[in-house]
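Biologist: Thanks for sitting down with me. Could you walk me through this one, a pair of residues at a time?

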Amino acid sequence: MNAKLIENAKIFVKSVFEGESSGHDFQHTERVYKTAMKLAAEEGADLDIVALASLLHDVDDRKVSPETYDGKLKANAFLKEQGVDDKDIEKIVIAIKEAEFLGKDSVKPSTIEGMCVQDADRIDALGAIGIARAFAYGGAHSRKMYDRNVKPKLNMTAEQYKANTDGTTINHFYEKLLGLESLMNTKSGKKEARRRTEYMKEFLNEFELETDEADY
Ligand code: ADP
Ligand code: NI
């Protein structure tokens with residue numbers, strides 16, 4: 001592992017996310033990095049590629065940095081400036097691009113490194129932390145927590161998913177989160193996704209119970 005390079009990447013990512021609190025923050029990146037490295041070790045993936053792709057996976061996020069999203073320009077510029085060779089930069093950028101959730105247009109990553117990053121990012125959208133992030137996101141985007149009259153939009157395409165700005169946070173569970181478990185790539189990623197999904201289902205049952213019109 002190139003320890004100095006990884007350290008520099010952490011410092012860079014921290015500076016990018018200064019002041020972010022909508023679910024895309026440095027702590028999310030740190031958790032994704034940690035999970036991705038665990039999966040990478042189990043899967044025998046290239047640890048440097050996984051480390052850099054997981055650390056840089058959200059610096060050019062569609063919502064945080066729309067102007068650099070397409071070309072992953074911040075990640076590219078950082079890696080170039082650090083002297084990473086072009087072949088590795090390409091591998092890292094492809095892993096970042098393929099990790100993104102885009103409704104039914106999401107892809108299965110073409111490399112094991114990409115699979116580790118995608119699984120780690122998705123695991124962080126599940127469980128207790130996933131619930132917390134969803135409501136933090138909903139609050140930051142002035143979304144309603146729930147509304148029985150707004151139905152979840154299932155099977156959205158990439159374009160529809162990106163344009164879906166008026167949904168409720170509870171619907172996000174049905175539109176994205178509950179479907180992630182079946183899309184996991186790695187063995188222990190699947191296992192962890194299953195555990196966290198069960199926990200979210202319990203939460204949804206309880207939420208339903210407490211917000212229903214029925215008498216207690
Ligand atoms: P990620 O960084 O995990 O790829 P996103 O960029 O899609 O995820 O979103 C960041 C966080 O906000 C995730 O935890 C995700 O589940 C949540 N989120 C995204 N869209 C919505 C939404 N419409 N309503 C509630 N939460 C959302
Ligand atoms: Ni992410």
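Modeller: Happy to, and keep in mind that this is a predicted model. Let's begin with a pair in the interior: Arg 133 is buried, and so is Asp 124.

Biologist: How far apart are the closest N and O atoms of Arg 133 and Asp 124?

Modeller: A salt bridge counts when a side-chain nitrogen of Lys or Arg is within 4 Å of a carboxyl oxygen of Asp or Glu. Arg 133 and Asp 124 form such a bridge, and Arg 31 is linked with them in a network. The closest N and O atoms of Arg 133 and Asp 124 are apart by 3.5 Å.

Biologist: Is Glu 181 buried or exposed?

Modeller: Arg 194 counts as partly exposed, at 47% relative accessibility. Buried means under 20% relative accessible area. Glu 181 has 18%, so it is buried.

Biologist: Which side chain makes a polar contact with the side chain of His 57?

Modeller: His 57 is in the loop between α3 and α4, and at 7% relative accessible area it is buried. Its contacts beyond four places in sequence include Thr 29, Val 32 and Asp 121. The polar contact, at 3.3 Å, is with the side chain of His 28.

Biologist: How are α2 and α11 oriented to each other?

Modeller: Their axes come within 9 Å and cross at roughly 140 degrees. Angles over 145 would count as roughly antiparallel. The two helices are therefore oblique.

Terms used
Residues are numbered from 1 along each chain as its sequence is written. Chains are lettered from A and ligands numbered from 1 in the order in which they are written. This is a predicted model: local features need pLDDT of at least 70, side-chain atom pairs count only at pLDDT 80 or more; totals for chains, interfaces and linings use all residues. Side-chain values use heavy atoms; hydrogens and water are left out. Axes are lines fitted to C-alpha atoms, for helices over the stretch in contact, and angles run from 0 to 180 degrees between N-to-C directions. Helices (H or I, at least four residues) and strands (E, at least two) are DSSP runs, numbered from the N terminus. Angles under 35 degrees count as roughly parallel, over 145 as roughly antiparallel, 65 to 115 as roughly perpendicular and the rest as oblique. Buried means under 20% relative accessible area, exposed over 50%, partly exposed in between (1.4 Å probe, protein chains only). A polar contact is a pair of N or O atoms within 3.5 Å; within protein, one must be able to donate a hydrogen and the other to accept it, and residues adjacent in sequence count only if both atoms are side-chain atoms. Contact means heavy atoms within 4.5 Å.
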